[in-house]
Amino acid sequence: MTRTAAVADWTSDFDVLDPGYVLDPFGIWDELRTRFPIAHSDRRGSTWLPTRYEDVTAIAHDVEHFSSLQVAVIPFDGTPPSDPVLPYGLPPISSDPPLHTWTRRLLLPWFSHARVGSYEAMTRALCRRLLATFADAGAADAAGHYAQQIPVRVVAHILGVDDALADTFTGWVRDVLEFADDPERRARGVRGLVGYFLAEIARRRIDPGEDLLSMLLHAEVDGAPVEESLVLGTAALVLIAGVDTTWSAIGSSLWHLATHDEDRRRLVAEPGIMAFAVEELLRAYSPVTMARVVTADLEFGGCPMKAGDKVLMNFPAANRDPAVFERPDTVVLDRAVNRHVAFGSGIHRCAGSNLARMELRVALEEWLAAIPEFRLDPAAQVTWAGGQVRGPRELPVVFPVPGARATGTAR
Ligand code: HEM
């Protein structure tokens, strides 16, 4: 497997699954940005990696030359199978206009400010329930016991599916995104998601509810119902796009607060800066990279791109570009000017950004209210996942238990 082959030259042979890159890609981007701002690699098919804000956003806006028909950062081995069940992939993310335009429009109302506001109370109650299971223990895995548990349940609620299956959903989503270079795991995740949603669709044809899945199934576009494969793809996308991404953002933010005492104490003391802090943490630890496929031979930024080449939409590197952000590698919790692209840019900009922001804010507010002092467990190791979505997968932290808080001792 290519996963572990060492990288000798990041400009011409990069590997986004290189363990060092997954752990700390920031220095590599800085170097590429100054020396070779659009790197290239043939490891998983001919692929380009832009690192400058200007290039990433220009490509995101040029949907004619950079198509979304293949958005997987880790491609299928060889040619992607033509899929009889999901012929359009996961719209709107895997589509270009005109299909993109109306499939996106169907989803947007479910993630409006007003609708997201209505999910806040259940999100807050969920965070409190989770915290109650370990706040007195003095130690927890902030990723596995907390961050990972939140988005999957919120999304299950919106889709109207059983949140008792949260761990199963998380497993399928991880198979598809995090273990995408293992064909068997990826296929298992796809099979799991498709099988589950096909059964749910059949159930809702007979007994519709008030949820997103029922709405998709009973929606009409130009007087006709939405094709089942589109309903299936869109429902699966909401789960895939809403779980690893937000969980990674919550986890990275908690990692930052566990490792930066001043920032953690400031956020506790000044809750009024939370809205800025959420944006800044999203900027600094942007979890999501997406791909595009080049539609025709062209030259971009001096690079000879060929039809069929992949381009990785390196939103995380764009967010660390010193041409756009002052002191880009420093987290400034109340950064006032912050035009980050953690949610993408252009027509595919994240449809769930209001929801993601609410979940991140509420998750941090509740954690800090229950556990204001915490740090990494010096006896355990943090592990990170990378590729399409970067974030901590194990985040062992220690903190004073309530009785010991007055003295401030951890465990
Ligand atoms: C911190 C969490 C999140 C981040 C960083 C994030 C990031 C992104 C990015 C970068 C894109 C653009 C993809 C592209 O250009 O190809 C995107 C698209 C999308 N996201 Fe998110 N996302 C997050 C959470 C969510 C949530 C919670 C949902 C819904 C439950 C969601 C649903 C979507 C959808 C449906 C699209 C496709 C939009 C389109 O193609 O028009 N995302 N997201």
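This is a predicted model: local features need pLDDT of at least 70, side-chain atom pairs count only at pLDDT 80 or more; totals for chains, interfaces and linings use all residues.
Me: OK, on to helix 16. How does helix 8 pack against it, angle and distance?
Reply: Helix 8 (residues 149–159) packs against helix 16 at about 135 degrees, and the axes are 11 Å apart. The two are therefore oblique to each other.

Me: Which residues make that contact?
Reply: From helix 8 you have I150, P151, V154 and I158, and from helix 16 there are L355, E359 and A363. By class, the contact of helix 8 with helix 16 has six nonpolar residues, no polar ones and one charged.

Me: What about helix 14 and helix 16, what's the angle there?
Reply: Helix 14 (residues 274–284) and helix 16 pack at about 115 degrees, with axes 10 Å apart. That makes helix 14 roughly perpendicular to helix 16.

Me: Left-handed or right-handed crossing?
Reply: Helix 14 passes helix 16 in a right-handed crossing. Helix 8 also passes helix 16 in a right-handed crossing.

Me: How many charged residues are in the contact of helix 14 with helix 16?
Reply: Four are charged, alongside seven nonpolar and no polar ones. The helix 14 side is M274, V278, E279, L281 and L282, while helix 16 brings R357, L360, R361, L364, E365 and L368.

Me: Changing topic: how many aromatic pairs are there?
Reply: The structure holds 16 aromatic pairs. One of them is F169 with W172, where the ring centres are 6.0 Å apart and the planes are at 55 degrees, so the pair is tilted.

Me: How far apart are F169 and W172 along helix 9?
Reply: They are three residues apart in helix 9 (residues 166–177), so about one helical turn separates them.

Me: Which peptide bond into P92 is cis?
Reply: The one from P91 to P92, with omega near 5 degrees. P92 is in the loop between strand 3 (66–67) and helix 4 (99–107). The bond from P97 to P98 is cis too, with omega near 5 degrees, and P98 is in the loop between strand 3 and helix 4.

Me: Last one: what's phi at D222?
Reply: Phi of D222 is near 50 degrees, a positive value in a residue other than glycine. D222 is in the loop between strand 5 (220–221) and strand 6 (224–225). Most residues other than glycine have a negative phi.

Technical notes
Residues are numbered from 1 along each chain as its sequence is written. Side-chain values use heavy atoms; hydrogens and water are left out. Axes are lines fitted to C-alpha atoms, for helices over the stretch in contact, and angles run from 0 to 180 degrees between N-to-C directions. Helices (H or I, at least four residues) and strands (E, at least two) are DSSP runs, numbered from the N terminus. Angles under 35 degrees count as roughly parallel, over 145 as roughly antiparallel, 65 to 115 as roughly perpendicular and the rest as oblique. A crossing is left-handed if the near helix is turned anticlockwise from the far one by less than a right angle, and right-handed if clockwise. Contact means heavy atoms within 4.5 Å. Ala, Val, Leu, Ile, Met, Phe, Trp, Tyr, Cys and Pro count as nonpolar, Asp, Glu, Lys and Arg as charged, and the others, Gly among them, as polar. Rings of Phe, Tyr and Trp (its six-membered ring) pair if their centres lie within 6.5 Å; planes under 30 degrees apart count as stacked, over 60 as edge-to-face and the rest as tilted.
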